[in-house]
Amino acid sequence: MTRVHCPTRWPAGSRAAPRRARWFMLFSLLCLLPNLYADEPLGKVTTPTPGAAPAGATILGVEEAVALDQRLIAEAKKESQLMANLGYLSDMIGPRLTGSAALKRANEWTADKMRVSGLTEVHLEPYMIPVGWERGLATARIIEPNNGRSLLVASMGWTPGTNGKIEGDIVVMTARNSADLAKYKGKLKNAIVLRGAPMAVRPITDTSMTPPYMDRPRRSDVPPARPEEKSKDGAKPETPGAKPVEKNGQAPKPEAAPTDQPPRFNRQNFAEMQAFRRELTEFLRSEGVAVLVQDAGKPHSLLTAGGGWVSGRAGDDRVSAAEPLPSVFMAHEHYALLHRLATRPEPAKTRVEIEVTNKFLPGPIAVYNTVGEIRGSEKPDEYVVLGAHLDSWDLGQGTTDNGTGSCVVLEAARILARCGTKPKRTIRFVLFSGEEQGLYGSKAYVKEHQVEMPRTSMCLAHDTGTGKVTGIGLQGRPILKPLMDKELVSLKDLGVTDINLRSMGGTDHLSFEQAGVPGFAAQQDMAEYRFTHHSQSDTLDKAKEPELIQGAQVMAIAAMRVANLPALLPRDKPAPQRPEERKSEEKKEDKKEEKK
């Protein structure tokens, strides 16, 4: 025990002296205890208040933080493993369908890469899916009229085969709601059904991404470009793709959605569309339809992939619903040909022979997320998550969707582990699976780690192909913009000039958003993503190394900056706008852009 010197003097022989001395020594010892045990774990994890910095919190100074940013940028250029990793993932492992042996190999390989980079707590986290699926052959040809034309098709995921070659009449179905189904009653037995008119596919000179589930293309060959759409060199687009202007200087009103195509997606009618889709599927099955055919919606005979397992009505992922119909995507040019033939005046007939050989893999099947981390130095029980999905579709190699994002996350992990500075919070790196079928891997992660969600500051995902990161959307959280503008200042030198409030869907950050955690996705240049997305063109030759290295730099800096903040990111988020309010805001934004 260390003696405490007390300068206070009491009269010789005073009885109060030793008693007061003992009390003073006890008080001094109590004052020293917090310092003696400050670094000892207390066995209890407290939930911090987002946005509130604890007393005594330490943060890096501005100059120190910028210097660390520069070290991360420099480290990314040294001995980069990114393209070597992406090459192995694409060429040696190949496409990684959820539930497949190839995906499990990718899980194990990425876990090994995390260990080599120096990450800790590396492991595979399992969850279950009800059934697996393997793609077989899919062939089709026109037999009436007998023009010798073969048709390019690819099965929709988790749909069955045809049990041999079948022949059927082509019927074009234009139903858009329940009332429209009545006219098809009794007319679809053994038919091969086209789901509406061909899509209006934009020319290949238009590389902007308009996913079919967000907004079906208009009939015009070149849809109006939004004011904020710019070409790669930053110039406003000219023809093709220029915003059409009438003589009075006003843009014409967009055309109405065609009535012979399925209804156009928007957030307001999403639940209604889902309900009709279920009703339509049941109707087609009950009427005895042989095969459902959809337009792949891409130019130059590119195909697409999509779909997932059938869940029970309660949403419990059991295969309790009836088996789906055999369904295929058809190359746009061939779909358009069939549509023209099938809409000839009677008595002309159009018949097709088709064969599909898919296979279901009995479940339940264990599927995995790959997880590793860099432990925080001061707040190890608080987290920042960097994520991407490791699974892919299987028509190509799964390079740009999303081998690129997965390898960017691996490279960000390597950079952060080698930079020589520990983050104050734990940075966790997660390669999710099951994203393509409905964000199943990230949902499983959030459920497994639900007690950590109040202590998770941010999830940032990379999932839009090989293009460079140009912005980060804050999902409608205005409270974060001044903070992120300040913290991510070094990203401007990397070309990330737009920290905005826009929301992005379609990838794994949404699972965190739904749990109340700020979840963001990197906004990227499209870089041919419209063509590679889910198609047979998703191959290694499309990858662009400089842009991917930039993506790793962005992810590493953003993670380190948020991990070193004095408090968790605030979670405040305004209530969703009503449709009329959103339209008003969009008009204001358009006017601002037009003035620039």
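# Close-up views of a predicted model

**Overview: the whole chain.** The protein chain holds 13 helices and 18 strands. Helices (H or I, at least four residues) and strands (E, at least two) are DSSP runs, numbered from the N terminus. This is a predicted model, in which local features need pLDDT of at least 70, side-chain atom pairs count only at pLDDT 80 or more, and totals for chains, interfaces and linings use all residues. Residues are numbered from 1 along each chain as its sequence is written, and side-chain values use heavy atoms, with hydrogens and water left out. Of the 596 residues in the chain, 48% are buried. Buried means under 20% relative accessible area, exposed over 50%, and partly exposed in between (1.4 Å probe, protein chains only). Take contacts between residues at least 6 apart in sequence: 82% of them join residues at least 24 apart. A contact means heavy atoms within 4.5 Å.

**View 1: helix H2 packs with helix H12.** Two packed helices are described by the angle between their axes and the distance between the axes. H2 spans residues 62-77 and H12 spans residues 545-563. Their axes come within 9 Å and cross at roughly 150°. That makes the two helices roughly antiparallel. Axes are lines fitted to C-alpha atoms, for helices over the stretch in contact, and angles run from 0 to 180 degrees between N-to-C directions. Angles under 35 degrees count as roughly parallel, over 145 as roughly antiparallel, 65 to 115 as roughly perpendicular and the rest as oblique. On the H2 side, the contact residues include Ala 65, Leu 68, Leu 72 and Ala 76. On the H12 side, they include Ile 549, Gln 553, Ala 556 and Met 560. By class, this contact has 10 nonpolar, one polar and three charged residues. Ala, Val, Leu, Ile, Met, Phe, Trp, Tyr, Cys and Pro count as nonpolar, Asp, Glu, Lys and Arg as charged, and the others, Gly among them, as polar.

**View 2: helix H3 packs with helix H4.** H3 covers residues 82-93, and H4 covers residues 101-117. The angle is about 155°, and the axes are 11 Å apart. H3 and H4 are therefore roughly antiparallel to each other. From H3, Asn 85, Tyr 88, Leu 89, Met 92 and Ile 93 take part. They meet Ala 102, Arg 105, Ala 106, Trp 109 and Lys 113 in H4. These residues divide into seven nonpolar, one polar and two charged.

**View 3: Ser 90 in helix H3.** Ser 90 counts as buried, at 2% relative accessibility. Its side chain reaches the backbone oxygen of Leu 86 at 2.9 Å. Not counting residues up to four places away in sequence, Ser 90 touches Gln 397, Thr 399 and Leu 540.

**View 4: helix H7 and the residue Gly 420.** H7 runs over residues 399-418. Of its 20 residues, 18 are buried, so H7 is largely enclosed by the rest of the structure. Just after H7, Gly 420 takes a positive phi of about 90°.

**View 5: Asn 500 in strand E17.** The strand covers residues 498-500. Asn 500 has 6% relative accessibility, so Asn 500 counts as buried. The side chain of Asn 500 makes a polar contact with the side chain of Asp 498 (3.1 Å). A polar contact is a pair of N or O atoms within 3.5 Å; within protein, one must be able to donate a hydrogen and the other to accept it, and residues adjacent in sequence count only if both atoms are side-chain atoms. The backbone nitrogen of Arg 502 lies 3.0 Å from a polar atom of the Asn 500 side chain. Leu 474 is 26 residues from Asn 500 in sequence, yet 6.1 Å away in space, C-alpha to C-alpha.
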